[in-house]
Structures are given as C-alpha cells and as structure tokens.
Amino acid sequence: MNSKRKSLRAVFSALAVAGGIGLISAAGVQAAVKPVNIDTCYQCHGNIKEFHLSGKHAGINCGYCHSETDQHLRGPMNKPVTSVDQRTCGQCHAEQFNSMLQVNWEREPKHEKANPTGRTSRYDSLMKPHGFTREHAEPRSHVFMLVDHLLVDRAYGGRFQLKSWELIGDGAAAQRGAWEVLYDVEPETNNQKPFMQMTATAANPVCMFCKSQDNILNWAYMGDPHPKAKWDRTSNVVDFARSLNHALNCFTCHDPHSTQPRITRDAQIQAIVDRGEGTYPHDPEKSQRITVEKVEFRGGYRAIGLLSQPDSTMMCAQCHVEYNCNPGIDAETGKPVTMADQRTNLMQWSNVFDYNRRMYEEFKFIDFRNAVTGADQMKLQHPETETFWDSKHERAGVECKDCHMPRLVSKAGVEYTSHFQTSPRYNLQATCLKCHSEWNEERALYTIGAIKAYTRGKINKAEFWLNELIDTFVRAQDLGVPEQVLAEARKHHTEANTHWEWWVAENSDGFHNPQQARKSLTHSMTESQKGIAILNKGIEERRQTIAKMR
C-alpha cells in the first residue's frame, strides 16, 4: 500500500472514534441553551409546528437554534438570532461534524487546472478573456468552500487574503469562520476593483449562494428584490461577502425542524418544480419516484424543496451542477444581461448534448465571446450531476454519498455518514469494494486510473484541435476571408468549445460517465475539424481571388 493510501486510511481510522477526533462532543449542550415556550412560537409559526412535530427534532426546544427570543416576543419586528454555525448541529451530531472538518492532506490546495500537469494546459489561451483564466483551481474539502471562493484571484481582485499561509490547511479555523483565516485588504471601502495584478472582479451574490447559505433568511426566492430581503442578485458583492462566515451549512441539505432531506438552492427548485423538469430528466420513472415538494414561506418570499425520500445526488446537485451565476449576453438581441435579470440565477438542468441548444433556444443566453474568434462561448461550472445522469453507476442506483460520503462505524459502535467528502479512492473498502467485492484495492485503483487517463488524453486532443481551429481562424481573418465564412466557423467553435470545457469543469476526469465523456470529447474534435475545413476552403478561395487580382 502506498504512502498516500496509508495516510488517508489513517484519517478515516481517526474518524472511527466516538466524537471524531475530539473537535466537538455532545457534552454540555444544555449550558448554551435558553429554552423557550414552544407553544408560544407555534401560535405564529404554524407551518414550522407541522414540520417540527413530524420529525426527529420534535423534542428539541427552539432555544437550541434561536437566541434573543425575548426581544422577538416583545415585538415581532425584532428578529431572533438564528444560528447558521455547523457547531450547533455538531453538539448532537459529533461524528458527522468532525468528519466534515477533515482535510485531505494528499490533495494540494491552489492546484491550477491549467498547470502542465493539470487537467488542461491550454486553458488560458482557449478561454481568454474570461475571468477564470486568472485562477481555476481544483476543489478541496467542503470546509474550505467559502474561504477558497473569497480567496480566488478571479473573484474579488485580491481584496481578501490569507492572514498567513499557515492557515491554508486549518479546517477547524475555517469552520469557525472565514474571517479567522482571511482579512480584507481595504475594509473601509466596498467597491469591486483590482487590488493586485492579474486578478479579476467576477464575483456576485448568486455565485456565493452554494458556498454558504448564512443569508438564507435574508434572500428572497431566486434572489429577486423583495421588501423583506436584505440581499438580492444586484446587491453590493463585497458587502454580501463580508456578511458570510460559514461554508456549506448543515441546513442546506437537512431541514432543521423536520430533519427531512431537502434542497434550498432556489434555481434547482425552479428547474425541478417550476419548470417541471423533474429530478432525473432522462428517467421519468425515477423522477416520479423521487420528487421535490416546493414549500413556500411568508407568502412566497422564501421556498425550500422537500425530497420525497433521501437522495444525496439531488442534495449534492445544489452545488455540483452547471448553472448561471453571472451576467452575460442575450443570444437573441446581443444586448447585455445584467444581474437584474433572473437568468443570472439559473440551473440549465441539461446534459452536455442538450446544453447549447437549450441555452440558445430556451434561455437565450451566452456567457462571453472568445477574444480571438469572437465565437459565442458558454462558461461551464462543475456539471457533476448532469454527467452522472444515465451513467452505469446511476442506473445501478448508486448515489453521490455511496462513493464520496460512505457509512462508517465509530469506536463506540455508532454508524454514521462520513461528511468528509473526498474521492472514493481514499477509502476503497467502504466504497468501490462494497459492490465490486471480487476486486482488491489495487484493481480498483487501476480501473479508476485507466478511465481518468483515457479521458484526460481525449481532453488534450480536443484542446489540440481547438487551438488548430483558432490558429486557422486568425490566418483566414488576416487574409480577408469573407465574414459569412468566419461566421460559419464560429458556430463550430462554439459547439467544440462546450464539448471540451464541460470535461475540464467536471471534476471526475470522466469517471462519472466515461462513455459520455468519450462521445462528447470526440464530438468536440469533429466540430473543430469541420470549422478548420470551412476556413481552409475559404483561405484557398481567397488566395485564388487575390491571385486573379494581380
């Protein structure tokens, strides 16, 4: 067994202890609680009463999660303080809490996808002038989601910086609050501007909503402006960022009153319920079995989606999915789409083969235009969920948790779901080998490695042909090839780019759906080659025209 697997196995061994590694324990929870008369709360919060009495938290007093209730009872406009800190849940769910704080020491932070050894060495040349060319790093543990977002060079122009590089791996500090790890270079202003060279200011309130839902009670459905909402899609992003402190709150996936599995991402609820596309758009039977009930609060001000049964794929899809979280260009009119437009908070809920068509025909949205060719381009995020649809594992009933958050047993004999989200390769006995029982760990790693290596090879080949297309476009343009020829080539560039970048943004190197990865990446190559052929024909015709003029 190599050193990497030994060290990660040690981490999982440490988790298999009652109370995790001692970061939090269930003792002393009552000391911090000021109980309230629940019946008094129920008088105004009837929908919460129904939730509360129906679930496992029926015996939990409101005072566990809500403080400053005395002032609230004296006047409803005095809002109680609602805890959004994971430690509130961790006082009872210690194993889950402690596991979430684990750090994968073998996964280097700040590892650029555009590095020579990364997923895409040509990324910057293919995606310019997009802000992601400033920094596009591989993800790491959930506990760092908010810190990494605030720190990334493409988001805030370098405004937020580490207090010390020593804190880059301090999961406990990051959980206690992002501002224990970071500081604001210019706390007296809130304008988005570059503070460092080669940074971008691409962040907005929507793109943060999967990193933290600290503001869930102050955000209207879809981020629309609302009298009851402190924040909306057009809010000052620096002020919004400063108001956040915790990454991936427990209540993102678990209803705190009923304990039911749920989703809180408004754009996902819109796609599944409002647009009627269902939980699994390519599997009507599964969509009928696993449903989402949209529950509205305060006259539709807010909404959550209750799952009919636990489904970790839908829970993970709140973030691990392609979505719009930025301004762009109207594909029909060519005019700017600003954050005031609801399309800037959108889950397309599409696989890679439907994506471009839907973006043009239904949503009429493009992200940006290529700096060299001017081709329309879509900026993909991290479409793990849509990639997983129709895969062999998904059809076999596998969910995200089975591979990334397996069930473990503590030393005290307590079985729990590990919330240390990481690759299954680091805990093969609890993941791959539970189904592939005839395998050993070496064979599992060998198979995983084969799929990833094969897909990375196809990504690089797709990049080669995209570069060839762009270089050929430059030659054609310089020679004066007619615009109608260039316009036709741009269409192929748009299609080729989407089918390449999908697999750069998707973080499994094709493992979630290797058949689809190959089909899509070879489609990208074919589209690039079609564009090159059109341009070469135009170049030859233009040369003949020039020769006749001499």
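## Helices, strands and the model

Helices (H or I, at least four residues) and strands (E, at least two residues) are DSSP runs that are numbered from the N terminus. With these names in place, lysine 110 can be located in the loop between helix H6 (94-100) and H7. This is a predicted model, in which local features need pLDDT of at least 70 and side-chain atom pairs count only at pLDDT 80 or more, while totals for chains, interfaces and linings use all residues. Residues are numbered from 1 along each chain as its sequence is written, and side-chain values use heavy atoms, with hydrogens and water left out.

## Backbone details in the loops

Lysine 110 has a phi near 55°, which is a positive value in a residue other than glycine. Its relative accessibility of 31% makes lysine 110 count as partly exposed, where buried means under 20% relative accessible area, exposed means over 50%, and partly exposed lies in between (1.4 Å probe, protein chains only).

## Aromatic pairs

A pair of aromatic rings is described by the distance of the centres and the angle of the planes. Rings of Phe, Tyr and Trp (its six-membered ring) pair if their centres lie within 6.5 Å, and planes under 30 degrees apart count as stacked, over 60 as edge-to-face and the rest as tilted. The structure holds 10 aromatic pairs. In one of them, the ring centres of tryptophan 219 and phenylalanine 240 are 5.9 Å apart and the planes stand at 70°, so this pair is edge-to-face. Tryptophan 219 lies in the loop between strand S4 (182-184) and helix H10 (237-242), whereas phenylalanine 240 lies in helix H10, so the pair ties together parts that are 21 residues apart in sequence.

Tryptophan 349 is in the loop between strand S11 (346-347) and helix H14 (352-363), and tryptophan 389 is in the loop between helix H15 (384-388) and helix H16 (392-395), so the pair ties together parts that are 40 residues apart in sequence. Tryptophan 349 is buried, with a relative accessible area of 2%, and tryptophan 389 counts as buried at 2% relative accessibility. The backbone of tryptophan 349 has a phi near 55°, a positive value in a residue other than glycine.

## Charges over rings

A charge sits over a ring if NZ of Lys or CZ of Arg is within 6 Å of the ring centre and within 35 degrees of the ring normal. Arginine 265 lies over the face of tyrosine 323, at 4.9 Å from the ring centre, and lysine 379 lies over the face of phenylalanine 132, at 4.0 Å from the ring centre.

## Packed helices

Two packed helices are described by the angle between their axes and the distance between the axes. Axes are lines fitted to C-alpha atoms, for helices over the stretch in contact, and angles run from 0 to 180 degrees between N-to-C directions. The axes of helix H20 (residues 483-505) and helix H21 (residues 514-549) come within 8 Å and cross at roughly 160°. This makes H20 roughly antiparallel to H21, where angles under 35 degrees count as roughly parallel, over 145 as roughly antiparallel, 65 to 115 as roughly perpendicular and the rest as oblique. The contact of H20 with H21 has 10 nonpolar, 9 polar and 4 charged residues; here Ala, Val, Leu, Ile, Met, Phe, Trp, Tyr, Cys and Pro count as nonpolar, Asp, Glu, Lys and Arg as charged, and the others, Gly among them, as polar.

H14 and H20 pack at an angle of about 130°, with their axes 10 Å apart, and these two helices are therefore oblique to each other.

## Residues apart in sequence

Leucine 73 is placed in helix H4 (residues 69-74) and counts as exposed at 53% relative accessibility. The C-alpha atoms of leucine 73 and threonine 40 are separated by 8.7 Å, and these residues are 33 residues apart along the chain.
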